[in-house]
Amino acid sequence: RFMQDKIGNVYSASINSVQKFGLFVQLDDFPVEGLIHISKLEEDYYHFDGELNQLSGERTGQVFSIGNSLKISVENVNIARREIDFTLLADKTTKKTAPLRQRGRKRKAWR
């Protein structure tokens, strides 16, 4: 109920769980947890790595893992289901690695 009138507000949050369907984040200012569904990560196609507990972007190399700080906005609050949906606005500490389709490829040497 606390978040019901806060739809559209922007907050800082940290990732506390990574699943194949999205990121669970907790707000930095309040003990409130919610989900950023993987379909809301629109910039890329993300692969889930259960061993490393992370989502990795195929094209951009963007990596989301536990502890990353994010800027989010409140998208939806469903009191009956006790669910809060967030939308990612910006990331502060997610790292970028080589895109997945480039990893493992050897460069051809120029002769």
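Student: What should I keep in mind about the numbering and the model?

Tutor: Residues are numbered from 1 along each chain as its sequence is written. The model is predicted, so local features need pLDDT of at least 70 and side-chain atom pairs count only at pLDDT 80 or more, while totals for chains, interfaces and linings use all residues, and side-chain values use heavy atoms, with hydrogens and water left out.

Student: How many salt bridges does the structure hold?

Tutor: A salt bridge is a side-chain nitrogen of Lys or Arg within 4 Å of a carboxyl oxygen of Asp or Glu, and the structure holds 2. In one of them Glu-75 pairs with Lys-40, the closest N and O atoms being 3.4 Å apart; Arg-81 and Glu-83 also meet in a salt bridge, at 3.6 Å from N to O.

Student: Is Arg-81 buried or exposed?

Tutor: Buried means under 20% relative accessible area, exposed over 50%, and partly exposed in between, with a 1.4 Å probe and protein chains only. Arg-81, at 58%, counts as exposed, whereas Glu-83 is partly exposed at 32%.

Student: Which classes of residue line the largest pocket?

Tutor: Rolling a probe the size of a water molecule over the atoms shows where empty space is left. By class, the lining has 8 nonpolar (Ala, Val, Leu, Ile, Met, Phe, Trp, Tyr, Cys and Pro), 5 charged (Asp, Glu, Lys and Arg) and 2 polar residues (the others, Gly among them).
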